[in-house]
Amino acid sequence: MLLLGCVALLLGWAGIGFAGLLRPRSVFFTGRILFPLGALLGLALAALGAASLAGGGIERLVLPLGLPGLPMHLRLDPLSSVFLVLLGASSGGISLFAGGYFRAGEGTAPGLLCLQYHLFLASMGWVLIADDAYSFLVAWELMALSSYFLVVTQHRIPEIRRAGFLYLLMAHVGAICLLLCFGVMQGGSWLFTFHAMRAAHLSPGWASAAFLLALVGFGAKAGLVPLHVWLPEAHPAAPSPVSALMSGVMLKTAVYGMLRVGLDLLGRPVWWWGLVPLILGLFTIFYGVLFAAVQTDMKRLLAYSSVENIGIVFTGIGLTIVFAGSGMRVVAALALLATLYHCLNHAFMKSLLFLGTGSVLHATGERNLGRLGGLIHRMPWVAWLTLIGTLAIAGLPPLNGFVSEWLLLQSFLFADHLPHAFVNLLIPMGMALVALGAALAGYVMVKFYGVIFLGQPREASLAHAHDCGWLERIGLAWLALGCLALGLAPLQVIGALGAVTRQLIGAVVPQASAHWWLLAPVPGRPVSYGPVVFLTATLAVVLLTALLVRLTYRQRVRRAPAWDCGFGALTPRMQDTAEGFGQPIRHLFQSFFDIERELPAPADRAPRYRIAIRERIWKLLYEPLSGAVERLANAAARVQQGRISVYLLYSFATLLVLLAVALLS
Amino acid sequence: MELLLLLTLPVAGAALLGLIGADRRAPEVNALLSLGTFLAACALTVRVIRHGDLLLGQEQFFIDPFNVFLVTLTAFVGLTTALFSRPYMRVELEHGRLTPGRLRLYHSMYQLFMFTMLLALTTNNMGLMWVAMEGATLSTVLLVTLYRTPGSLEAGWKYFILCGVGIAQALFGTILLYVAAGKVLGAQGMTALLWTHLDAVKTQLEPTVLALAFVFLLIGYGTKVGLVPLHSWLPDAHAEGPTPISAVLSGLLLNVALYAVVRSKVLVEGSLHSQLPSMMLMGFGLLSVVLASLLLWRQRDIKRLFAYSSIEHMGIATFAFGMGGAIANFAALLHMTVHSLTKSSIFFTAGHAAQKTGTQAMERIRGLITLSPTVGWGLMLGSLAILGVPPFGVFTSEFLILTTAMRTQPWAAPILLAALAVAFAAIFSKVQPMVFGETTGRRLAHPPALLPVFAHLAIVLLLGLYIPPYLAEWYRAAAHLIGGP
Amino acid sequence: MSVTDWITQVLEVVVALAAAPALLGWLNQCRAWLQNRRAPSLWLPYRNLRKLFHKEAVIAENASPLFRIAPYVVFGSMVLAAGIIPSMGTRLPLVVSADAIALVGLFAAARVFMTLAAMDVGTAFGTLGARREMMVGFLAEPALLMVIFVASLISSSTALPVITEHLASGHLGLSPGLAFSAVAFVLVLLAENARIPVDNPATHLELTMIHEAMVLEYSARHLALMEWAAQLKLFNYVCIGFALFLPWGVATGHIGPVGLLVAIPALAVKLAAAGAGLALIETVSAKMRVMRIPEFLGTAFLFAVLGLLVHVLLGA
Amino acid sequence: MTHLPLYQQLLDTCAALLLLLSFAMLSQRRVVTLVNLYAVQGAVLAAATLLLAWRTGEGHLYLSAALTLALKVAFLPWLLHRLIRRLEVYWDTEPLLNVSGTMLVGLVIVVFAFALAQPITLLASTATRSAVGIAVSVVLLAFLMMITRRKAMSQVIGFLSMENGVFFGAMSASYGMPMVVELGVALDVLVAVLVLGVFFFQIRERFESLDLHHLEALKEHD
């Protein structure tokens with residue numbers, strides 16, 4: 001029943017999309033009617049997902065589509081419901097925002113955008129409920145395709161085209177890997193339903209191959225280093241609501257796939273599988289956050305921070321598999337909880353931030369941090385709502401980012417019970433890296449927020465910046481609310497997620513305390529965290545202080561020019577730039593970056609300082625790769641060199657060789 | 001009856017257009033004739049569905065699931081191409097690239113070409129099949145050189161010589177078959193070359209001779225399929241001829257040639273009891289995929305680009321036939337279908353693009369989507385389809401082929417993966433800037449004839465999402481017919 | 001949760017509020033003696049606070065509301081932290097809802113708000129200070145976390161009181177892992193509280209200052225709150241040190257007045273000793289260049305991780 | 001050695017002649033002579049066909065002999081001569097591989113061809129089966145000739161003589177093919193040559209010569 005509802009809603013999304021073609025040029029029709037409608041459907045989808053999660057049951061459905069022997073199988077189980085909730089809830093806010101965001105003259109016509117956007121949504125939903133390899137892959141590629149068209153909305157800009165190309169290429173290669181992975185998993189049964197795959201008994205070698213193929217395929221979509229290169233190109237290129245969707249939701253579909261294959265379809269995982277995503281994930285955390293710290297383009301910065309968060313998620317997946325493979329079910333469930341929780345959090349936080357940058361972009365037409373600043377005065381709504389996202393993603397209590405990190409660290413603390421000695425040595429490193437990553441994320445976010453919204457405007461034009469419209473406000477507010485709710489009611493969320501852990505791990509994390517407000521998930525350990533109390537206590541203290549201060553000393557507050565050590569002539573150019581803020585990181589981790597500097601010469605009339613930072617990965621991996629293909633292509637071209645005699649010689653030689661073969665065999 | 005119509009209409013058409021081919025209404029006549037052929041094909045199909053296999057004309061003609069859907073496909077693409085060539089050739093005429101005389105040649109040869117292909121598909125006699133294939137070469141070679149440019153002449157010459165030589169090998173192979181069969185069937189004359197009879201006794205045929213025969217046939221027809229390293233003629237012929245001809249060459253002729261190869265493979269495998277033919281097909285297939293995808297990297301000419309992609313896809317289909325087995329054969333047949341539909345539609349749009357921008361050089365074709373949205377989207381979607389992006393049918397076949405390969409021939413899977421990735425990068429990196437970005441070129445008076453394009457793409461899309469049961473039944477029957485390990 | 005628990009809770013906070021300035025004063029006195037200067041009065045910090053609270057507050061024209069909220073948030077979180085850290089008793093009702101990780105998060109929150117406030121006015125000093133503060137923070141935070149994790153691996157809990165109780169029960173002496181982390185902790189403490197060799201609280205030389213640079217634009221009560229918060233921070237860190245490494249004297253279990261009678265003097269003694277020790281360290285070491293700070297903290301971080309490794313290797 | 005009947009000896013002589021002729025073609029560089037050699041080859045082929053027809057009394061063999069005579073001895077040579085006169089292509093330039101080298105390769109190929117023909121000979125029931133090897137070698141030699149020549153004209157002649165080889169193979173292995181097929185083949189050959197004629201003029205009017213190095217522009221390698 002619920003599944004039917006989901007299908008109906010997804011089809012509804014598609015319908016809305018095509019409705020956009022009715023009046024492709026009308027901003028009002030698409031923006032004020034269709035997009036809000038889509039948002040409503042999103043919320044409905046979230047509700048359905050929540051309902052099925054609460055029920056914890058499994059529904060199946062078979063549609064007479066697809067391959068002749070293989071009709072389209074659909075399935076709604078706790079795992080997919082969680083991600084449906086994620087998709088629906090966050091897309092609700094994003095769609096509302098998008099309704100106000102898309103204007104005419106953005107390159108592609110609004111109607112067409114509406115079509116691509118809603119097809120994107122629908123295909124993501126379809127990925128989540130697909131229950132056979134074929135429909136999964138179709139939806140998967142449809143998702144990539146629609147988002148590609150959204151990315152290249154402003155296709156007149158060469159960089160954007162390049163980004164789109166890179167994106168679609170990586171997506172396609174990843175999809176082929178998944179295809180091969182499914183080819184392995186069908187295990188000779190030639191039934192491509194997930195059901196058959198669960199039943200198939202694979203030899204360890206084949207199973208491992210399938211797992212690694214899946215890791216490559218889904219990692220490429222999720223942005224796992226070193227397969228992440230498309231991400232910092234594509235996310236900034238896309239219109240902000242699309243960046244929000246891609247970063248907040250699409251990456252999570254990859255996580256969904258990873259969980260589905262690694263923990264569900266392949267049966268009980270082998271413990272060492274987990275080490276691969278664990279190590280890659282840890283490296284990704286570090287890599288992503290470092291590059292985020294040195295960015296000067298606000299959307300690139302957020303994109304790299306997405307890479308970091310994906311690293312956290314994959315670390316969680318790795319831990320889960322290691323634990324599950326070693327038979328420590330409850331702890332595995334805990335790690336899985338952390339993973340899922342972080343997915344939910346990131347969906348809300350990152351969408352919120354991307355939408356915030358979108359409003360800034362609209363108001364100022366500026367993406368370069370070096371030309372922003374002081375916007376908290378011009379656009380308070382965006383600034384204050386974005387602040388919540390900033391604090392949340394910096395992992396500060398009592399917001400949601402902290403909860404998932406707390407859970408992750410807690411599950412790390414169990415690792416010393418693992419039966420594998422050298423993993424035990426790996427774990428402390430892991431913990432340290434996670435903690436370091438979290439701290440660095442704080443650094444990045446302070447830079448992000450401080451440079452955009454605080455200080456003095458770095459350009460005169462910023463004085464005309466305007467706050468966002470009401471639809472955008474509602475969208476932003478919704479997402480911010482999500483961050484708060486996830487932060488304050490972890491117990492309820494975790495309770496809901498229990499169905500998933502039961503499904504995948506076969507265990508639930510017990511709730512040690514009786515209080516509704518107290519999160520005490522770790523069995524046998526006096527460990528707890530009560531965000532509500534925490535928040536109330538903080539608020540109480542703060543308000544009390546404020547009150548006391550007001551009561552005791554009623555002095556008036558005088559406004560005056562900034563003191564600045566009495567320096568006087570203070571100009572915006574004296575503020576620290578984004579480059580400057582990233583300088584310590586650049587200095588400390590030089591070896592990570594591929595830096596090219598342009599320093600002013602002595603006695604330079606117009607001294608200019610420019611610094612460009614690229615990823616070494618290009619020089620180390622991708623450029624050699626394309627170079628190799630280039631060389632091969634040139635070699636192959638020698639074959640085709642125009643002379644008919646030579647061509648005849650080919651045929652002749654082939655003939656003789658084959659004849660010889662035929663004779664000898 | 002239908003068969004008679006199917007075969008006579010094109011011949012009559014060839015004669016008729018040979019007379020009035022330069023006339024103003026000749027294109028319409030051409031289209032009408034093709035329509036008639038198509039209808040006849042449909043009727044034939046219906047009849048086969050109703051009554052099963054057909055043996056006609058003293059067993060000279062044999063219709064079974066394997067060839068009947070190819071017949072329909074051929075007639076259909078023939079029709080759409082005729083529709084497309086109406087405005088296209090008119091524009092060419094106005095640009096002065098053609099004289100009325102050559103237009104006459106074009107029209108009459110077009111019909112003749114259709115005839116030879118249909119004959120090759122429907123005949124039961126391996127000898128006649130050979131004759132028809134040679135006829136196909138001869139009828140198209142003058143079409144390739146239609147523009148009389150140096151390039152087209154060179155292309156035509158290479159096409160003629162290479163295919164001629166190849167086809168001679170095929171003749172020798174046919175003779176060997178005849179010899180081997182004559183031994184068993186005893187009777188001289190007709191029956192010994194009839195495929196049905198050969199198929200009946202294939203297990204008793206002398207293995208070594210049949211192996212040799214297969215090699216000759218493979219070289220012969222494989223040249224026409226465009227299997228590396230026998231492919232050298234293909235890109236030239238596709239790039240230099242007029243676009244409708246490129247479309248039918250790539251969309252139909254290759255299929256027919258592959259059909260011939262598979263027919264012979266069925267016989268040989270029956271007698272050989274060895275992996276030899278399969279291994280040969282797989283080897284050729286992989287080689288074609290790899291080399292084509294590498295050469296795609298360097299293309300500058302839009303039609304040449306897609307010619308190489310045809311080689312690649314024929315390679316995939318050949319590889320699948322080589323793997324054999326129900327699923328792989330099924331997938332290969334499906335792949336032949338969707339490839340011919342998609343590729344011809346791509347050639348249509350490419351032709352329009354070339355006309356609108358006045359060049360086939362890709363770096364001078366830009367921003368089609370602003371120049372003419374339909375052409376732009378047509379090219380974009382067509383390319384995505386041919387690159388195996390769902391929900392288009394090419395993905396369906398590649399899905400089955402790759403999964404099968406992963407299970408049965410794991411060694412080949414990584415090679416295919418790499419080749420497909422390279423091909424994707426190569427084609428898409430060239431198509432994207434052609435479709436998007438700032439535009440070059442001018443609008444033409446003539447509206448593009450995009451009905452064929454989108455008709456094809458619609459069918460491909462349908463096949464990607466839903467394969468009608470009776471079609472699936474055909475494929476299954478055909479796949480079963482082809483058999484394999 | 002008995003009444004005494006709540007009393008202890010309140011008492012902890014009150015004591016912290018009261019004693020924090022004194023600790024700073026005591027530290028300065030010791031420094032003065034060690035550098036044989038005439039020592040300032042122990043009560044100087046109190047007088048400063050009082051003076052500041054009485055002044056008229058001046059705020060830059062382009063300061064946003066964030067600038068005015070920040071001091072309260074910073075101060076509030078430090079007070080809350082004082083409530084979480086078991087300085088005298090271990091049965092603290094608040095602790096149930098905020099363990100050590102939350103404590104570190106609390107410090108981080110304070111830091112973030114402080115830096116954002118510093119960037120708000122948009123002066124060169126403010127942003128510079130903010131950047132340096134974050135630079136210190138992103139290494140000090142994980143180091144502190146690691147230090148705590150060693151202890152929590154030993155006592156299999158991340159709640160500070162539990163850790164303290166477990167350590168105070170005295171089954172084990174200072175385990176090797178803890179030894180490493182103790183060193184790390186001292187380094188972190190110096191860095192986090194803007195002491196020499198990382199920062200010089202007594203100077204306004206922009207080349208070196210970190211903490212001072214951030215609060216330059218503040219005046220009067222806002223400044224007072226900031227200063228007080230800083231003193232609380234020092235107090236809290238010292239108390240964390242006690243909780244982890246010198247848990248003796250802290251009243252474990254349910255305590256009545258008697259327990260407190262033991263606990264308060266114990267705390268006072270420990271504080272005095274700690275102040276003297278810090279003063280000694282500050283006197284014997286010299287301020288280092290800013291870009292050396294990451295190395296300094298890197299060492300701290302590595303020591304902490306080493307502590308973890310040692311613990312896992314030798315097994316507690 | 002058993003004494004072979006007369007017709008058998010004659011047939012073998014024809015076969016030997018054919019092989020000899022293809023070697024001659026391989027070495028010959030005057031285009032006109034090539035055409036003549038081709039004509040002679042056709043004649044020998046026709047003779048062999050006649051012999052077989054007389055021996056086996058197969059009606060269609062007479063017919064195909066007549067066809068051969070008309071097409072390959074009379075018409076095609078005449079046409080080619082005419083073309084040569086019209087296009088003034090009398091000499092082929094130096095072949096890509098010098099004559100002696102070509103000969104050597106040719107010898108190797110003949111050996112290979114006979115090895116190839118072994119199973120076929122065993123299988124075939126005809127009196128002429130021993131000649132199959134020769135047929136194969138004629139085909140392969142013609143192939144070799146096409147590879148080594150630079151002029152379009154001589155390539156065509158190579159193509160035609162290859163077709164001769166195939167025809168001879170058909171005859172010697174199984175007394176020729178079914179009539180339909182033979183007619184079809186003959187038709188194709190005829191059309192092919194006509195098409196080629198047209199071709200030559202087109203090429204000629206473009207490039208003022210039939211030298212193949214004009215036709216090496218379309219390529220990937222640059």
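Student: In chain B, among contacts between residues at least 6 apart in sequence, what share joins residues at least 24 apart?
Tutor: This is a predicted model: local features need pLDDT of at least 70, side-chain atom pairs count only at pLDDT 80 or more, and totals for chains, interfaces and linings use all residues. Residues are numbered from 1 along each chain as its sequence is written; chains are lettered from A, and ligands numbered from 1, in the order in which they are written. Two residues are in contact if their C-beta atoms, placed from the backbone, lie within 7 Å. For chain B, the share joining residues at least 24 apart is 82%.

Student: What radius of gyration does chain B have?
Tutor: The radius is taken over C-alpha atoms, and the globule rule is 2.2 Å times the number of residues to the power 0.38. With 485 residues, a compact globule would therefore come near 23 Å. Chain B agrees with that, at 21 Å.

Student: What percentage of chain B counts as buried?
Tutor: Buried means 20 or more other C-beta atoms within 10 Å of a residue's own; exposed means 12 or fewer, and partly exposed lies in between, with C-beta atoms placed from the backbone. Of the 485 residues of chain B, the buried part is 69%.

Student: Which element gives the largest share of the side of chain D that touches chain B?
Tutor: Here 36 residues of chain D are in contact with 40 residues of chain B. Helices H4, H5, H6 and H7 of chain D each give two or more residues to that side. The largest share, twelve residues, comes from H7(D).

Student: Is A:Ala603 buried or exposed?
Tutor: A:Ala603 has a positive phi of about 60° although it is not a glycine. Its place is in the loop between strands S4 and S5 of chain A. Because it has 6 C-beta neighbours inside 10 Å, A:Ala603 counts as exposed.

Student: Is C:Ala220 buried or exposed?
Tutor: C:Ala220 also is not a glycine, yet has a positive phi of about 50°. It lies in helix H9 (residues 220–245) of chain C. With 20 other C-beta atoms within 10 Å, C:Ala220 is buried.

Notes:
Helix = DSSP H or I, 4+ residues; strand = E, 2+ residues; numbered from the N terminus.
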